Amino acid sequence: MGDTNLGFKLHFVDESSGLGQNPYSAPVGSCKQIFNPCQMASGTYLYKMSTGDRLLDIFRDETLERLDNIETGLLQLENSTADLTPELINSIFRDAHSIKAGSNLLKLSVIEELSHKLENVLEMIRSEGLIPTELIITASLESVDKLRSLTEDVLNSNTKSIRLQKTMLEVSVQRALAGEN
């Protein structure tokens, strides 16, 4: 067990910043086994995210699969809002939540923010009985498309704008709550 170093911190540095600039900290736990960061004299591990990193490859692959699942689920909702099943909504919600959690761990703030907005809309459908109108489904699908493009270019994702997708989600919910389609 001596190799896990549970008391240390791991610093993520995105590729665009230099070493030591804008570090993000996360508990190491068993993370060291995934990507073998180098230990610094201060008792910290420094990890620079870059293309081809196993951790980012895993995140990218899993996120793209989850986005496919969300898209499929949203299309099912669009085609059968009368048959709105808790299992379908819960499945879509869990995938959005997992994307948010993974992006939070990696400090991919733009992916995290948009997936959180999408998760909030799905939570309103799931627990508050919000009807998934055509506008909500369209805004959600647009968000999935944007999340897909952000994930495919994960190293630059924190520099991209999601203002349009956030606004579309907010407006679609406001209109649905007001009884508009």
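Me: In what handedness of crossing does α3 pass α4?
Reply: Happy to start there, keeping in mind that this is a predicted model. The two helices pack with their axes 8 Å apart, at an angle of about 155°. Where α3 passes α4, the crossing is left-handed.

Me: Are α3 and α4 roughly parallel or roughly antiparallel?
Reply: Their packing angle is about 155°. Angles over 145 degrees count as roughly antiparallel. So the relation of α3 to α4 is roughly antiparallel.

Me: Which residues of α4 meet α3, and how many residues of the contact are nonpolar?
Reply: From α3, the contact takes in I89, N90, I92, F93, A96, H97, I99, K100, S103 and N104. On the α4 side sit I111, E112, S115, H116, E119, L122, E123, I125 and R126. Sorted by class, the contact of α3 with α4 has five charged residues, six polar ones and, as the number you wanted, eight nonpolar.

Me: Where is K107 found, and is K107 buried or partly exposed?
Reply: K107 is found in the loop between α3 and α4. Although K107 is not a glycine, its phi is positive, about 60°. Buried would need a relative accessible area under 20%. K107 has 28%, so it counts as partly exposed.

Me: Staying with α3, is D95 buried or exposed, and which residues is D95 in contact with?
Reply: D95 lies in helix α3. Its relative accessible area is 9%, so D95 is buried. Apart from neighbours within four places in sequence, the residues in contact with D95 are R66, N69 and I70.

Me: Moving on to α4, what is the relative accessibility of L114?
Reply: L114 lies in helix α4, which covers residues 109-128. Counting as buried takes a relative accessible area under 20%. L114 is buried because its relative accessibility is 0%.

Me: How do α5 and α6 lie, roughly parallel or roughly antiparallel?
Reply: Helix α5 spans residues 134-152 and helix α6 spans residues 163-177. Their axes come within 8 Å and cross at roughly 165°. The two helices are therefore roughly antiparallel.

Me: Which residues make the contact of α5 with α6, and how many are charged?
Reply: α5 contributes L135, I136, A139, S140, E142, S143 and K146 to this contact. α6 contributes Q165, M168, L169, S172, V173, R175 and A176. By class, the residues of the contact divide into seven nonpolar, four polar and, to give the count you asked for, three charged.

Me: Stepping back, how many helices and strands are there, and in what order do the elements run?
Reply: The protein chain has six helices and four strands. Read from the N terminus on, the order is β-β-α-β-β-α-α-α-α-α.

Me: What percentage of the residues count as buried, and what share of contacts join residues at least 24 apart?
Reply: The protein chain has 181 residues, and 43% of them count as buried. For contacts, consider those between residues at least 6 apart in sequence. Among these, the share joining residues at least 24 apart is 66%.

Note on methods
Residues are numbered from 1 along each chain as its sequence is written. This is a predicted model: local features need pLDDT of at least 70, side-chain atom pairs count only at pLDDT 80 or more; totals for chains, interfaces and linings use all residues. Side-chain values use heavy atoms; hydrogens and water are left out. Buried means under 20% relative accessible area, exposed over 50%, partly exposed in between (1.4 Å probe, protein chains only). Contact means heavy atoms within 4.5 Å. Axes are lines fitted to C-alpha atoms, for helices over the stretch in contact, and angles run from 0 to 180 degrees between N-to-C directions. Angles under 35 degrees count as roughly parallel, over 145 as roughly antiparallel, 65 to 115 as roughly perpendicular and the rest as oblique. Ala, Val, Leu, Ile, Met, Phe, Trp, Tyr, Cys and Pro count as nonpolar, Asp, Glu, Lys and Arg as charged, and the others, Gly among them, as polar. A crossing is left-handed if the near helix is turned anticlockwise from the far one by less than a right angle, and right-handed if clockwise.
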